[in-house]
Amino acid sequence: MFRRPVVQVLHQFVRRESEIAGSLVLERSLNRVQLLGRVGQDPVMRQVEGKNPVTIFSLATNEMWRSGENETHQMGDVSQKTTWHRISVFRPGLRDVAYQYVKKGSRIYVEGKVDYGEYMDKNNVRRQATTIIADNIIFLSDQTKEKA
């Protein structure tokens, strides 16, 4: 009953050449990120000569946990860790909307992929950079500002 749909799904995700024809194996993989946080700086638009412009901004996400002996009784110290993410928007329509409407302190949801790259800094030192390449941005209402 379910055998045929399962086989069709598997064929969509994995294509294998026969052992006789060669050992080529093409598999799909997933590089997907979902972030919900607050913008740390107004976006900037940069353009390297000969390349498309990019809108860049930072996004803060927070992780909170309670430490102490009575974690189940809501006692103990609350700890928080903030992680900063560099968001880059290359898609032409989304890039322009992000540049115009993303503002410092805004609460947004970002979907995209992780990209690891290298660059040379001002002192000719090779640096590594982790960037989130945004595919989608959803602007969330900021209830704290709406009530004021």
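Reply: With the pairing rule: two strands count as paired if DSSP finds at least two bridges between them, strands being DSSP runs of E with at least two residues and helices runs of H or I with at least four, numbered from the N terminus. This is a predicted model, in which local features need pLDDT of at least 70 and side-chain atom pairs 80 or more, while totals for chains, interfaces and linings use all residues. Residues are numbered from 1 along each chain as its sequence is written, and side-chain values use heavy atoms, without hydrogens or water.

Me: In what sense do S3 and S7 pair?

Reply: Antiparallel, over 6 bridges, with Gln34 having Glu111 in S7 as its bridge partner.

Me: And how many bridges join S3 to S5?

Reply: There are 2, and these strands also run antiparallel; Arg38 stands opposite Ala60 in S5.

Me: Which residues touch the most other members of the largest nonpolar core?

Reply: Of its 15 residues, these are Phe57, Leu59, Ile87, Val89, Ile108, Val110 and Ile137. Such a core joins buried (under 20% relative accessible area, 1.4 Å probe, protein chains only) Ala, Val, Leu, Ile, Met, Phe, Trp, Tyr and Cys through side-chain atoms within 4.5 Å.

Me: What is Leu59 in contact with?

Reply: Beyond neighbours within four places in sequence, its contacts (heavy atoms within 4.5 Å) include Leu35, Val39, Trp84, Ile87, Ile108 and Val110.

Me: Where is Leu36 found?

Reply: Leu36 belongs to strand S3 and has a relative accessible area of 42%, so it is partly exposed, the class between 20% and 50%.
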